[in-house]
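Open the model in your viewer and keep the selection panel at hand. The stops below say what to select and what to look for.

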Amino acid sequence: MSGIRAVFYRDYRQRMTNIGFVFWDLFVPLAYLVLFGLGFERMLGSSIGIEEQAFRYTAFLAPGVLGMVTFSVAMNTSWGFFMDKDSGIFYELLTYPITRAQLLIGKISFNVLLAIIGSGLVVALGHLALDAPIRWDLLPLTAIIVITATAGWFFLFSVFAIRFARMDAFNTVLSAAYILLMFFSSMFYPLSDLPVWFRVPAYINPMTWQVDLLRFSLLGVGSVTPLLLEGAALGLFAIICLTLAVRALNRAAD
Amino acid sequence: MTSAIEVQDLRKLYRTNTSQPVRALDGVSFQVPQGRIYGLLGPNGAGKSTLVKILSTITPLTSGRAQVMGFDVTGQPLASRQQLTVVLQQTATENLLTVRDNLLIYAYLHGVKSQEAQKRMQNIAEEFELGQLLRDTVQELSIGTKRRIQVAKIFMLDAPVIILDEATTGMDPLMKRRVMDRLRAEARKGRTILLTTQVLSEAEELCDTIMIIDRGRTMASGTLRELRTLSTHMFRVNLSFADTNGELVGRLEALNPIQLKVDGNAVEMVFHGEEASLLAKLADVSRDTPILQFEVRGPTLEEIFITLMKESR
């Protein structure tokens, strides 16, 4: 069995021991879309305009909720390193004949499947119940963005999970990251109407790149040049984070 | 004979928050020929686990060289790991999974094919009395059983080098004996075993060659016979008296033994010094209290170890 397949199988067996956790990953974004989306839609009253097209707020929010899916799955997967540390298996894993990159990619592979299923549920709900005008022809692109983003976030969070000895310190960093990365992005609102001091950090936030790309692949909105740049940046972000995570694993016992 | 493990002038510095880095290994060198059992002894903090971590590629070395089956642990970490199966000091099991999954996943992660892994899992489970527990979740089991699973896993593989860092800690004596027998059998088949232990009798019984390290430096190394020659002025004396009383024990204590044990009328002492002078002193004692039995032997590994540690501190 190849290294990645073996780690995939290991993570699958582990995740299946706690169905509640899987349920949480899959259904919380749906609740967000329905409760948060509909609540804000009622409050805002009118539709949101992007590039001279009008969208219901729930449709505007759907790509952001997909961003949330990737983020939560990545967070929960990286948290698994603490479980491995607790059981003592973490260092033993590093003695196995697989590369550090195989370990990381194998670990996220099963969870990427969860992110794809979670995203599928969000898209289905958005289309069937909330009338989001989904671009079905671009669904493969949506899947690629979800895969890249889930992996990128996981590699980033893994660096902290590997380096941090204390789970409470890790949770504090993740909670801060959750707030900052979600709200300093185009997830909940269009950035064009916001002040410059807000827009600058938002534009260098990978969450913005991801949500803009998803908004294009799901609703067909966005300009080509910025989207190409954001796509390249998101890919680069995933590769850099993988490199950093591999380095962290190589120095894990130091 | 080709070396399975080769370590040359190995140094490891750990950076700390204080200005002075910790020197965990300070110029350690040794070779382990294929098919031999090599014991690494030392007190806590001697550098044994650091050495194991470097050989298993968990931690990088600071300087020097380490090779496993000819593969450099720094330059060819994956190839080195492909030669190894390791039991680390810390108990390591997949606690959320069943015993069966623990054994199978370990084999899969070491590249054993599914069907072969199933077969080996059944054999190992039987040998290590895990058959009845295969469906149990590991987190519900005792620490001793977890340790048994951890050690049983290594026999699922054929990797040429086995590294064990205090692997038998927490095991019951019967299981410990079984593991030791199995290790001996594996060495006979040509596998190389490097083990660290604090149980000196275990090393004495199992190891072909022993290295004693302290504070990252080699204190002594060789076969047990060679180590004994290092302690030529050390003697273990077994005496038997018709009667032992406080006065006799006081006189024996006055001879300054390294160790003195009185069990009924039997006395066991370890001395460091000249044999002739020791015999003269004992002859003196026997004038007042006749010695019924008298035996002088070389030191045990434990006695050599204690003496070396005392000398180094």
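## A helix crossing in chain B

Select H3(B) and H4(B): H3(B) passes H4(B) in a right-handed crossing. A crossing is right-handed if the near helix is turned clockwise from the far one by less than a right angle, and left-handed if anticlockwise. Helices here are DSSP runs of H or I with at least four residues, strands are runs of E with at least two, and both are numbered from the N terminus. Before going on, note that this is a predicted model, in which local features need pLDDT of at least 70, side-chain atom pairs count only at pLDDT 80 or more, and totals for chains, interfaces and linings use all residues. Residues are numbered from 1 along each chain as its sequence is written, while chains are lettered from A and ligands numbered from 1 in the order in which they are written.

Stay on the pair. The axes of H3(B) and H4(B) come within 10 Å and cross at roughly 130°. That angle makes H3(B) oblique to H4(B). Axes are lines fitted to C-alpha atoms, for helices over the stretch in contact, and angles run from 0 to 180 degrees between N-to-C directions. Under 35 degrees counts as roughly parallel, over 145 as roughly antiparallel, 65 to 115 as roughly perpendicular, and the rest as oblique.

Now show the side chains. H3(B) brings Arg100(B), Leu103(B), Leu104(B), Ala107(B) and Tyr108(B) to the contact, and H4(B) brings Ala117(B), Arg120(B), Met121(B), Ile124(B) and Ala125(B). Two residues are in contact if their C-beta atoms, placed from the backbone, lie within 7 Å. By class, this contact has 8 nonpolar, no polar and 2 charged residues. Nonpolar covers Ala, Val, Leu, Ile, Met, Phe, Trp, Tyr, Cys and Pro; charged covers Asp, Glu, Lys and Arg; the others, Gly among them, are polar.

## Helix H5 of chain B

Select residues 143-154 of chain B. This is helix H5(B), with 12 residues. From first C-alpha to last, H5(B) reaches 18 Å, close to the 16 Å expected at 1.5 Å a residue. The expected span is 1.5 Å times one less than the number of residues.

How much of H5(B) is covered? Most of it: 10 of its 12 residues are buried. Buried means 20 or more other C-beta atoms within 10 Å of the residue's own; exposed means 12 or fewer, and partly exposed lies in between. Among the buried residues are Arg147(B), Ile149(B), Val151(B) and Ile154(B). Their cover includes strand E6 (84-87), H3, helix H4 (114-127), strand E7 (161-165) and helix H6 (173-188) of chain B.

## Val28 and the whole of chain B

Go to Val28(B), in strand E2 (residues 22-33) of chain B. Val28(B) is buried, because 25 other C-beta atoms lie within 10 Å. Leaving aside neighbours within four places in sequence, Val28(B) contacts Val7(B), Leu10(B), Leu51(B), Ile213(B) and Thr218(B).

Zoom out. Chain B has 11 helices and 14 strands. Its C-alpha trace spans about 75 × 50 × 45 Å along the principal axes. Of its 313 residues, 40% are buried.

## Where chain A meets chain B

Show both chains. The contact takes 22 residues from chain A and 28 residues from chain B. On chain A, helix H1 (3-16) and helix H4 (89-93) each supply at least two residues of the side that touches chain B. H1(A) gives the largest share of that side, 5 residues. By class, the side has 11 nonpolar, 7 polar and 4 charged residues.

Select H1(A). Its buried residues include Ala6(A), Phe8(A), Tyr9(A) and Arg10(A). What covers the buried residues of H1(A) includes helix H2 (19-44) and helix H5 (100-128) of chain A, together with helix H3 (99-109) of chain B.

## Last stops in chain A

Select helix H3 (residues 57-87) and helix H9 (residues 206-219) of chain A. Their axes come within 8 Å and cross at roughly 130°. That makes H3(A) oblique to H9(A). The crossing is right-handed.

Finish at Leu191(A), in the loop between helix H7 (167-183) and helix H8 (196-203) of chain A. Leu191(A) is partly exposed, with 16 other C-beta atoms within 10 Å. Not counting residues up to four places away in sequence, Leu191(A) touches Ser186(A), Arg199(A) and Ala202(A).
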